[in-house]
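Welcome, and please load the model in your viewer. We will go from one selection to the next, with a short note on what to look for at each stop.

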Amino acid sequence: LISFILNHQGSGSLSSFYRSKRWANSINVSFHSKGSVIAAYDIWINLTGEGHRNYKHVIGAFLHTSIC
């Protein structure tokens with residue numbers, strides 16, 4: 001479910017928000033599970049120059065989305 005939400009590209013999505021701010025071109029999230037105990041998410045945010053300059057805001061928006 002988390003991968004689906006964060007990979008969503010449509011209106012109102014985190015990806016759409018990043019693109020509107022010109023902070024990132026794309027977000028890719030994948031889930032990996034090793035057995036029933038160990039799991040991890042790989043998260044790639046392809047930042048623009050503006051995104052690099054505003055990386056704290058990029059991280060803040062991501063954490064806000066992940067918590068909500």
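Start by selecting helix 2, where Leu14, Ser15 and Tyr18 are buried (buried means under 20% relative accessible area, exposed over 50%, partly exposed in between, with a 1.4 Å probe and protein chains only). Why do they share a side of helix 2? Because they cover an arc of only 100° around the axis, the arc being that of the directions from the helix axis to the C-beta atoms. In general, an α-helix has 3.6 residues a turn, so residues three or four places apart point the same way.

A word on what you are viewing: this is a predicted model, in which local features need pLDDT of at least 70 and side-chain atom pairs count only at pLDDT 80 or more, while totals for chains, interfaces and linings use all residues. Residues are numbered from 1 along each chain as its sequence is written, and side-chain values use heavy atoms, with hydrogens and water left out.

Now colour by pLDDT, the predictor's confidence in each residue from 0 to 100. The chain averages 88, and 94% of the residues score at least 70. Confidence is lowest in helix 1 (residues 2-7), with a mean of 78, and highest in helix 3 (residues 49-53), at 98.

Switch to a cartoon view to see four helices and two strands. Helices (H or I, at least four residues) and strands (E, at least two) are DSSP runs, numbered from the N terminus. Along the sequence the pattern reads α-α-β-β-α-α.

Leaving out residues up to four places away in sequence, Ser15 touches His8, Gln9 and Ile27 (contact means heavy atoms within 4.5 Å). Beyond its neighbours within four places in sequence, Phe17 is in contact with Trp23 and Ala61.

Follow that contact to Trp23. Not counting residues up to four places away, what does Trp23 touch? The list is Phe17, Tyr18, Asn46, Leu47, Thr48, Glu50, Gly51, Asn54, His57 and Val58.

Then step to the loop between helix 2 and strand 1, where you will find Arg22. Arg22 is exposed, with a relative accessible area of 63%. Check its backbone too: phi of Arg22 is near 60°, a positive value in a residue other than glycine. Most residues other than glycine have a negative phi.

For the last stop, show strand 1 and strand 2 (residues 38-47), which run antiparallel and are joined by 10 bridges; two strands pair if DSSP finds at least two bridges between them. Across the pairing, Ser30 stands opposite Asp42 in strand 2. The hairpin has three residues between the strands, and Gly35 takes a positive phi near 80° there.
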